[in-house]
Amino acid sequence: MSSCTKRLKKLSTNSHGATTWKAPSNIALVKYWGKKDIQIPCNPSVSFTLKNCYTKTSLKWEASSSDEKGFQYTFLFEGEETPSFHGKIDQFFEKLMDYIPEIKDYRFEISSENSFPHSAGIASSASAMAALSLCLVSFERDMGLDLTEDQFFNRASFFARLGSGSACRSLYPEVACWGESEVIGNNLFALPLAQKLNEIFKNYQDSVVIVDSGVKSVSSRAGHALMNDHPFAMTRFEQASLNYRKCLEILEKGDLESFIGLVENEALTLHAMMMTSKENYMLMKPGTLDVIEKLRLFRSETNIPVCFTLDAGPNVHILYPKRNEEAVKTWISENISFKVIHDELGEGPINL
Ligand code: PMV
């Protein structure tokens, strides 16, 4: 915890340096939907850390000379200036100034790229915020901040949360948990799964069906806000806490039948919350339902333990054990006409 609190003392300053981090995206099994303050979740959540969908970010820093105005940055996304991202980055740095006062005296060059197409409809804020946060903790380490490995990643998770809530779960291998519960004592950063992950979930597969890659009609920020006076909010938060506990048990025991029931229920509840809020809206598309129906038929015909989950969008994440990879991928290629990005559980961020 102490590694994530504000620092009162400035660190010694190295005049320049650089680092590069690769951080993955994640997909929630138990969903975070509803928040207070700066991404303080209303319920605990659990996610799979992905492998192939990642952001690679390089950060270079140089002390501003005395005639410069202090903090400045340039940002390149896939080699191009992208002013549309500046609002989010400005806000992020503003929040971080309290925690990393040295930022004020430096010029930064940030350059970022995604392994997945920007318009694929896969949320990239989780991997992007995680990668940038790791670069910034590396910057602090270069300034002399003394952190153990665990403190390093917890601090990066804390920073990532300030940028985008679900991003704080992208810092750990395989499975990450976030939110106050019997297992975790705080809401400020995520942690890796404490229990042993059952063998069946090793290299678990996630094939993401891109039903629609357009911009969402309602942002996550607006969606979270609609939980504030949602008629079912309290019931939902209680249900999520219960599902969180059940999910940890399932991940340890490897009970696939319960996994399927819980994960699909969580996905549909997330969308049910959107459809039943005061200003209701729907992010699923006809293609989403079509894929879900086909998948359920395939499961009942073959008994293959394949299931789906959804993010706050129309795309369908098809989850299945590694041992069923061939059968499921063949079924996907023969039955799903949308673009599919194949991913699986990964080992978390890498410093390049
Ligand atoms: O991190 P945000 O604010 O984009 O919220 C994302 C919430 C969901 O992706 C819908 C669920 C989750 O837990 O990741």
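Author: Gladly, and please keep in mind that this is a predicted model.

Reader: OK, and which residues touch the most other members of the largest nonpolar core?
Author: That core has 50 residues, and the ones touching the most other members are Leu 59, Ile 103, Phe 108, Leu 136 and Phe 139. Several helices and strands supply at least two residues each, including strand S4 (45-63), strand S7 (106-114) and helix H2 (125-142), and H2 gives the most, with 10 residues.

Reader: What about a second core, which residues does that include?
Author: The second core is separate and has 27 residues, among them Phe 201, Leu 248, Leu 262 and Val 263.

Reader: Switching topic, where is Arg 296 found, and what does it contact outside its sequence neighbours?
Author: Arg 296 is found in helix H7, which covers residues 286-302, and, leaving aside neighbours within four places in sequence, Arg 296 is in contact with Glu 264, Leu 268 and Phe 308.

Reader: Why is Arg 296 called partly exposed?
Author: Because its relative accessible area is 36%, which falls between the 20% limit for buried and the 50% limit for exposed.

Reader: And how do H6 and H7 pack?
Author: Helix H6 (residues 256-275) and H7 pack at an angle of about 170°, with their axes 14 Å apart, so H6 is roughly antiparallel to H7. Their contact is made by Ile 260, Glu 264 and Leu 268 of H6 together with Leu 295, Arg 296 and Arg 299 of H7.

Definitions and conventions
Residues numbered from 1 in each chain as written. Predicted model: local features only at pLDDT ≥ 70, side-chain atom pairs only at ≥ 80, totals over all residues. Heavy atoms only, no water. Core = buried A, V, L, I, M, F, W, Y, C linked by side-chain atoms within 4.5 Å. Buried < 20%, exposed > 50% of the residue type's maximum accessible area, 1.4 Å probe, protein only. Helix = DSSP H or I, 4+ residues; strand = E, 2+ residues; numbered from the N terminus. Contact = heavy atoms within 4.5 Å. Axes fitted to C-alpha atoms, helices over the stretch in contact; angles between N-to-C directions. Parallel < 35°, antiparallel > 145°, perpendicular 65-115°, else oblique.
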